[in-house]
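Subject: Structure for you to look at

Hello,

Here is the structure I promised to pass on. Please open it and keep it beside this email as you read.

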Amino acid sequence: MTSWLRTYGSVPLCLLLCCLAVAVCAEASGAGDSVCWSPSVTSCTECLSRGPQCAWCFKEDFLDGAGPTQRCDRPVKLLRRGCDPEFIEQSEVKVEVNATLSSTQVSPQDISITLRPGSEASIVVAVKQLERYPVDLYYLVDVSASMQENLDHLKTVGVALSLRMSEHSSDLWLGFGSFVDKPVSPYINVHPSKINNPCSDYEIRCRPAHGFHHVLSMTGNMSEFTRVIKRQRISGNMDTPEGGLDAMLQAAVCQKVVGWRPQAKRLLLLMTDQPSHLALDSRLAGIVTPHDGLCHLENNVYTASTRMDHPSVGLLSDKLLENHIYSIFAVEKQQYQWYEELVRPLPGSYLGKLGLFQAPNLIELVVDAYKRLLSEVAVSVSVEDKAVSRYWVSVSPLCPHGSTAKNQSCSGVQPNQTVYFNITIGLRSCPVDGEDEDVTVLVRPVGYNESTVVRIHSKCRCSCGPMRRCNDDSQSPCTGAQHSSKQEQRPDHELMKDSNIDSNWKCRADGSDVDCSGRGVCECGRCECEQSRLGTVYGKYCEIDDFSCPYEQGLLCGGRGVCVSGECVCEDGWTGDRCACPVSTATCQSANGLLCSGRGRCVCGKCVCDNPRQSGDFCERCPACQSTCQSYWKCVDCHLSHGLTQKEAGHCNNTCAPLVGYIDGVSGQEGDMWIQCMYIGSDSCRYRFQTGSQSGQTQLHISTRPECASSGRLVGTFLSVCALTVLCGLVVVAVSRLLLQKRSRPPGGAAENVDYHCTGKDLSYIPTTNEKTVTYRRDRPLDRPVEMHIQISKMPLGDPWQC
């Protein structure tokens, strides 16, 4: 045995494990769905948290005597086991759209969803790209000393850009702001002589360094924009990186000061020739307070620059998205790679590379960025921070024709086209306290000033009907407050007596002397049924179970139903005591569309033929039926004698049992269900007929076109056969003579060269014999030859001669 295990043990062990796994799965399915049923599920909340397919039955007498774990199952199984629909608590998903709020770009704008743990809901948000938008463009320029030449080129941009953007926008407004860096050491030189004039070493008058200075609010007056740019002066600092992200955050969140218009597309253009400081860089200056993401402008100057750290990229991304702002980075090519990594987590951002910040280059950069940003439509979905770990979100874009999908966006979208986003939101779990929760989810199209608000109500507790009782506790009937108060007023021996009485008659069926049918224990006059690994034991006396039903192919009720009180309750579409018979008769439909070819009935999904001589899956074969032709000859003869007319057909009712009909021909109805026959009548004509069965009745079809031969045609046929026979005989004789003549001629062909000239006189003297001398020589040359005379009989006179 040990050697066998060493040699072959690995394969049987795998098979054994597979069999055990199948057995465990089958056992679990007998007790309930493997997803819903579990011994640890004893409450409605725990049941519904296992998934949206699970339900809880709070009917008080459901499976009387069974434990609370049996109340959790799929709704269809609970219904089959006797739980009424009004007593089923199950996961519900509701999606309600507020149609009263309308929008030209984003719709719908308000949605309400009800979810349970494990459930999900899908919504569709439509984003339409309009043809011409008003545009707000805010220039945020690095005014450090290295940007002097670039600042000069910016002075001629305003009017030219306005004319160029008129092709794409209905209204262009411009704004302006400047930045350098945080005005603290070590970012700037804090020597008193350098604070007011950082460029004193070069004998140039510069403005003091500043974190952000808002110079010009949004305006459509291009002359005012040009005048403000001409008044700008450069500044200076110590280190290479600048405070660009700090200034971008203030320009984004200070909407009223900057003057962003609600209906306009917002573009924030950052111009710099150096990288930017990131979060935590301010620790060098002793600034450790994280940025709060709020506006801190007083008299157009950023006042929290020396108190708060630089914003993180994530915070900046949220604020740009929240305020519907596209960001454009115009950087010199030396810094292109650094900013390329920066813009990836920023939604709705564009990076442009320029050699010199000349006016034509800046104009082309803005126009290209505007067209590209508008042609790419993307959404961002944000969940409240308090519940972000309990929800999951999936976004799938449906792009219009001519555009392409990329991650969660569509690129190449043309004006007046609509992009649809299928957004699925799922609830993983409820809060720790298990209470219901309301959460807001925002769906923001990037760069759009409209968004969709999704209000989610997470339903974590079970209502269990108007009584609010889920029957999911383990409290026994005899431990209530009222019962306890009565017990406290009675002596202990009376309580024991009542308990014994309850155990004797309340837990025993009529005529039984065993408590709870021997499959449970009696507590407080009520049977608590034991749990069997085969299934559920329940009933007032634990007399019912869900595993004492017939098995089919090793599965209880064939795996197509549930066992209730010892009988299989089949799923829809199945019937029978084992749920093995399909209700549908589709499996009995033959190729001709008839049920069992019209020769039988469908029983449990299979054809049962009416005639034992018929066979096949659809009773289509009947080898022995070919002998039935002769049995109908008498019937056919009767109809022939009456002229094959419907008027006279009634005279043959006694002779013909089947239904008889007349047809022109039988060739058009040939098939497996018809048997072709022939009858030769007294007039020597052949009559074709066919017999078959339709709808369980035998039918006979007789052809009204006999196949007869005329007498003249018969005589001609006879004479032709005789002439052909004589001709064949003469040919045979001639061939035989020719062969004999060739065989009688001497070899060598000498006789063929002799010419005979015969006359009538010569023919009378033809001898009857011919003489021929043959000389034989001995072997030795000295011997004399011996001659022999041989007489050859004359050829018979009847043989032909050549003359």
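Below are my notes on its helices, sheets and one hairpin. Keep in mind that this is a predicted model.

**Helix H11**

Start with helix H11, which covers residues 313-322. Which of its residues are buried? They are Leu 316, Ser 317, Lys 319, Leu 320 and Leu 321. Note that a lysine is on that list. What do these buried residues pack against? One partner is a helix, H9 (244-253). The others are strands: S11 (265-272), S14 (325-332), S16 (377-383) and S21 (437-445). Now step just past the end of H11. There His 324 takes a positive phi of about 60°.

**Two helices packed together**

Next, find helix H6 (residues 157-165) and helix H8 (residues 222-230). Two packed helices are described by the angle between their axes and the distance between the axes. For H6 and H8 the angle is about 150°, and the axes are 8 Å apart. Which residues make the contact? H6 gives Gly 158, Val 159 and Ser 162. H8 gives Met 222, Phe 225 and Thr 226. By class, three of the contact residues are nonpolar and three are polar. None is charged.

Now the sheets. Strand S1 (residues 55-57) is joined to S3 by three bridges. Look for Trp 56, which stands opposite Glu 89 in S3.

**An open sheet of four strands**

Another open sheet has four strands. What is their order? It is S5-S7-S20-S17, again with antiparallel pairing. The edges are S5 (106-107) and S17 (391-398). Each edge strand pairs on one side only. Eight bridges join S17 to strand S20 (residues 418-427). Within this pair, Pro 397 has Phe 421 in S20 as its bridge partner.

**A hairpin**

Last, turn to strand S33 (residues 600-603) and strand S34 (residues 606-609). They pair in the antiparallel sense over four bridges. Arg 601 has Val 608 in S34 as its bridge partner. How many residues lie between the strands of this hairpin? There are two. In this hairpin, Cys 604 takes a positive phi near 55°.

Best wishes

How values were computed. Residues numbered from 1 in each chain as written. Predicted model: local features only at pLDDT ≥ 70, side-chain atom pairs only at ≥ 80, totals over all residues. Heavy atoms only, no water. Buried < 20%, exposed > 50% of the residue type's maximum accessible area, 1.4 Å probe, protein only. Contact = heavy atoms within 4.5 Å. Pairing = 2+ DSSP bridges. Axes fitted to C-alpha atoms, helices over the stretch in contact; angles between N-to-C directions. Nonpolar A, V, L, I, M, F, W, Y, C, P; charged D, E, K, R; others polar.
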